[in-house]
Amino acid sequence: MQTQKLQHLAVVLLGNEQCDNDWIMQFLKRNGGFVDLLFITYDSPWINGADVLQWPLGVATYRKFPVVEASWSLLHDERPYVCNFLGTIYENSSRQALMNILKQDGSDQLCWVSAREQWQPQETNESLKNYQDALLQSDLTLCPVGVNTECYRIYEACSFGSIPVVEDVMTAGHCGNTSSHHSAPLQLLKAMGAPFIFIKNWKELPAILEKEKTIILQEKVQRRKMLLQWYQHFKAELKRKFINTLENSFFMNNKG
């Protein structure tokens, strides 16, 4: 910026899970800085559709999660598990409550459940394969909140046509609150009409799993197709908006 060679700058920021991103504020153009646009992950209260826009978390490419091509079997095969949850169980968390509900209900027999107590940043080849198999072989993927409501698991489930069952509650931090942001959390996904099952409490899960038993394969295939089509559209639409926003900000303002 000092050598005047860079005229415009946009930042795509993998933001802090509790939305503690104040360090970047001074660099925004409106605050005398040089950042024209900020695309930021998570439901930040800063998002205004003008110079700060929300960006989805997406899949964990750093853990080598692949680009999944929709195959005939992914769409049409009967899946042996009603649901799955492979993840870390934090003490006194809703994840613990979820595990208890699955055990009480006997649903852990219907679902692929594998819990660990320590979060692991990297997957082994075996754990990655297990995780992908669980997504591929389950009709539903349970997505309890972690440090944030939004997690890679939501998008990874979409990749395999497994319907995310999302715990729709705000987490601690500075990511806005439901009284001032009625669609928070997961504003972007909701605005784009995500065909997920949103729940407020895991006590709702037994009824959801009971209903699953009554759904015939043909209906499940339709639901999978709808999810995969929505996910394709979601990615294409965000790409289009991203390019349009850059063009409008970088090039339209230079005319004159």
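Let's start with what covers helix α6. The cover over its buried residues includes β4 (81–88), α2 (94–105), β6 (138–143), β8 (197–199) and α7. Contact here means heavy atoms within 4.5 Å. Helices (H or I, at least four residues) and strands (E, at least two) are DSSP runs, numbered from the N terminus.

A word on the source. This is a predicted model: local features need pLDDT of at least 70, side-chain atom pairs count only at pLDDT 80 or more, and totals for chains, interfaces and linings use all residues. Residues are numbered from 1 along each chain as its sequence is written, and side-chain values use heavy atoms, with hydrogens and water left out.

Back to α6, residues 205–212. Which of its residues are buried? They are L205, I208, L209 and E212. Buried means under 20% relative accessible area, exposed over 50%, partly exposed in between (1.4 Å probe, protein chains only). Down the axis of α6, the buried residues fall within an arc of 95°, so they line one face of the helix. That arc is taken from the directions from the helix axis to the C-beta atoms. On the other side of α6, A207 and K211 are exposed.

Next, α7, residues 217–250, against α4, residues 152–159. Their axes come within 9 Å and cross at roughly 120°. Axes are lines fitted to C-alpha atoms, for helices over the stretch in contact; angles run from 0 to 180 degrees between N-to-C directions. The two helices are therefore oblique to each other. For the cut-offs: under 35 degrees is roughly parallel, over 145 roughly antiparallel, 65 to 115 roughly perpendicular, and the rest oblique. Who makes the contact? From α4, Y155, C158 and S159; from α7, L227, L228, W230, Y231 and F234.

Now the sheet. It is open, with three strands in the order β1-β2-β3 and parallel pairing. Two strands pair if DSSP finds at least two bridges between them. β1 (10–13) and β3 (52–55) stand at the edges, each with a single partner strand, so one side of each has no neighbour in the sheet. The twist averages 20° from one strand to the next. β1 and β2, residues 37–41, pair over four bridges. V11 has L38 as its bridge partner in β2. Here α7 returns: α7 packs on the sheet and touches β1, β2 and β3. The direction of α7 makes about 155° with that of β2.

Last stop, E126 in helix α3, residues 125–136. Buried or exposed? At 60% relative accessibility, E126 counts as exposed.
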